Amino acid sequence: PPKRNTKTKSQEPAAAEKEKVEETKKVEEEEKMETEQQPAPNADSNTEDEKMEDTEGDASGESKDEKEDEEKKSPAKKRGRPAAAKAKAPAPPKETEPKAGRGRKRKTSEGSTGGPSAPPTPSKKGKTKGLTLSWEDFINKSNIGDRVLSCGEGEQLGHPGRLTSKKPRKVDIVEEDEMKIMQVVAGGVHSLILTDDHRIFSCGINEKGTVPAEGVEKEGSTDEFAEIKLADLVPNFIEEHGKVVMLSAGASFSAALTDKGSVIAWGNLRDFSGEINVHPLLHEMKEKPVVIIHRKNKVIAKIAAGENHLAMLSADGHLFTFGDGSVGQLGRTTRTGLIRSRFMVDGSGDALHVKVLDKKYKELLFKDVHAAGYWTAAITGTDTVYTFGLNNFGHLGTPFDKTLEEEQEKGVAGGDGAPQEDERDFKVYKPTEADAYGKRNYTHMDGVQHIVARSADGEVFAIGKNTDNALGLGTWTGNNDTEHWRYTTLQKIEKLPQKISGVSAKLGASIAWNEEGEAWGWGCDTSGQLGLGLKDDDDKVVPTPSPISSAHLDGYKIIGVSVADNHSIFLAKKVE
């Protein structure tokens with residue numbers, strides 16, 4: 001067909017008859033091409049991703065082919081914005097003699113950058129084929145506890161009239177009301193309990209909506225667990241969102257996941273400058289629980305909270321992050337100094353999507369997500385760990401800045417010889433493969449300046465800051481120790497028994513437990529949060545895992561622990 005520009009329907013009447021003849025010929029030619037090349041859209045699908053890079057580099061040539069193809073079509077087609085026309089164009093080849101399938105490559109590129117709510121295409125995801133996640137993959141419904149214990153300091157212990165406990169002490173209301181418990185969670189200034197009939201109880205400091213429970217005054221506190229009735233606080237809660245099946249908590253906020261896949265949050269988010277008030281929803285969270293992800297937009301299967309951010313994993317393996325991103329913990333932007341509000345909070349979830357591409361520009365899907373402190377970690381179907389956030393101590397397992405490391409080592413000269421922490425924040429802005437963690441399926445990852453990780457086969461590893469023997473290795477000897485104060489490679493904690501069931505950690509303190517219901521604590525027991533019964537004049541540094549015991553644990557086995565900076569909360573069940 002001729003390659004000159006055809007006139008539109010606005011041409012002069014004198015040329016109308018000539019154009020009509022030309023249009024008829026072009027339509028006939030186009031129909032003939034479509035008939036002869038009908039099978040082409042399904043051909044050579046395995047080579048599309050290999051050609052994507054060539055497609056991007058040959059943008060100008062493709063644009064020319066697209067333009068010629070547009071001229072072969074009806075002149076009624078809009079010609080003012082060829083880019084929009086290409087985005088909506090069908091996929092058949094552009095010429096009777098195809099040039100390396102350019103039209104096919106364009107279609108593949110567009111499909112790979114579709115909206116985050118689009119389900120994965122099994123034929124294109126390879127090892128993640130058929131990925132479907134559920135909250136039941138992360139919460140064991142059959143492992144229900146009947147005793148809750150806590151230790152440490154503060155109203156968040158849930159012991160009326162008692163603000164300290166050096167060993168795990170039972171929470172009376174649980175057994176008085178014959179509750180059956182699915183999950184316990186320790187937040188920065190509060191604690192949460194989830195019962196098997198999907199009720200939420202909380203206690204602690206109600207700092208700008210942290211504990212919106214019955215009878216708790218605004219900006220007040222309570223040392224007794226009280227119920228948070230979401231059905232009374234969120235319109236049409238049961239009908240729209242279902243029942244609560246998972247909880248997570250940060251410094252002074254909490255989040256709940258429902259069985260239908262919605263996420264509700266309440267409390268106060270902060271960054272290093274103070275409260276975050278960039279979005280109306282964040283103001284509303286201080287007043288009452290609000291829906292931050294509606295299950296009609298995204299179906300979420302797991303939630304994990306850091307200090308002031310929330311990571312969410314959808315049922316189809318996509319990763320979303322919400323809240324403070326000032327040190328890279330959202331994994332979506334390098335402009336952390338001033339993040340647009342819609343990239344911190346977005347009810348549709350679209351702007352919260354963390355997209356990670358492999359070497360062939362395919363989006364990776366994840367089977368698990370973890371978050372704590374100021375970092376996030378996600379695990380792919382092939383057990384590759386991706387991390388992002390604050391990495392001052394190399395605990396994220398990504399390549400550590402050698403210059404920064406050398407400068408920190410030089411700081412030991414003079415004075416008491418203690419390593420000097422660099423004042424700059426070393427941030428990992430985008431999801432980065434964490435080589436230090438190797439290829440393992442980590443069911444638990446927790447900590448702030450160090451991370452303790454439990455693999456699916458029951459082994460426990462640690463990495464990061466090791467002052468006060470936070471890693472449980474027993475290698476740190478004091479402030480003058482310039483060799484063992486930090487590890488940027490993964491270390492196995494050898495002094496734990498085999499087959500550990502879970503781990504939890506926060507600032508410098510960690511606890512692990514096994515299938516038999518025994519637990520061990522190590523690190524710095526600043527507030528009694530390790531539950532070891534240390535007295536005020538005892539050395540607070542516990543260099544290696546030490547067994548946790550309590551008279552209130554007699555006849556019970558520990559099945560879950562959640563550690564916070566100043567307290568810990570335990571879930572136990574009676575031994576039959």
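Start by selecting Arg270, which is partly exposed because its relative accessibility is 28%. Keep in mind that this is a predicted model. Arg270 sits in strand β10 and Glu207 in the loop between β5 and β6, so the pair ties together parts 63 residues apart in sequence. Glu207 is partly exposed too, at 23% relative accessibility.

Next, pick Asp536 and Lys166. They make a salt bridge as well, with the closest N and O atoms 3.6 Å apart. Asp536 is in the loop between β27 and β28, while Lys166 is in strand β2, so this pair links parts that are 370 residues apart in sequence. Asp536 counts as exposed at 67% relative accessibility, whereas Lys166 is partly exposed at 28%.

Now hop to Lys298 and Asp350, a salt bridge with its closest N and O atoms 2.9 Å apart. Lys298 is in the loop between β12 and β13 and Asp350 in the loop between β15 and β16, so parts 52 residues apart in sequence are tied together. Is Lys298 buried or exposed? Lys298 is buried, because its relative accessible area is 5%, under the 20% cut-off. Asp350 is partly exposed, at 41%.

While you're on salt bridges, select Asp197, Arg199 and Glu227: shared partners join them into one network. The whole structure has 14 salt bridges.

Last stop: show β13, β14, β15 and β16, which form an open antiparallel sheet in that order. The edges are β13 (300–305) and β16 (353–354). Two bridges connect β15 to β16, and Phe320 has His353 in β16 as its bridge partner.

Methods. Residues are numbered from 1 along each chain as its sequence is written. This is a predicted model: local features need pLDDT of at least 70, side-chain atom pairs count only at pLDDT 80 or more; totals for chains, interfaces and linings use all residues. Side-chain values use heavy atoms; hydrogens and water are left out. Two strands pair if DSSP finds at least two bridges between them. Helices (H or I, at least four residues) and strands (E, at least two) are DSSP runs, numbered from the N terminus. A salt bridge is a side-chain nitrogen of Lys or Arg within 4 Å of a carboxyl oxygen of Asp or Glu. Buried means under 20% relative accessible area, exposed over 50%, partly exposed in between (1.4 Å probe, protein chains only).
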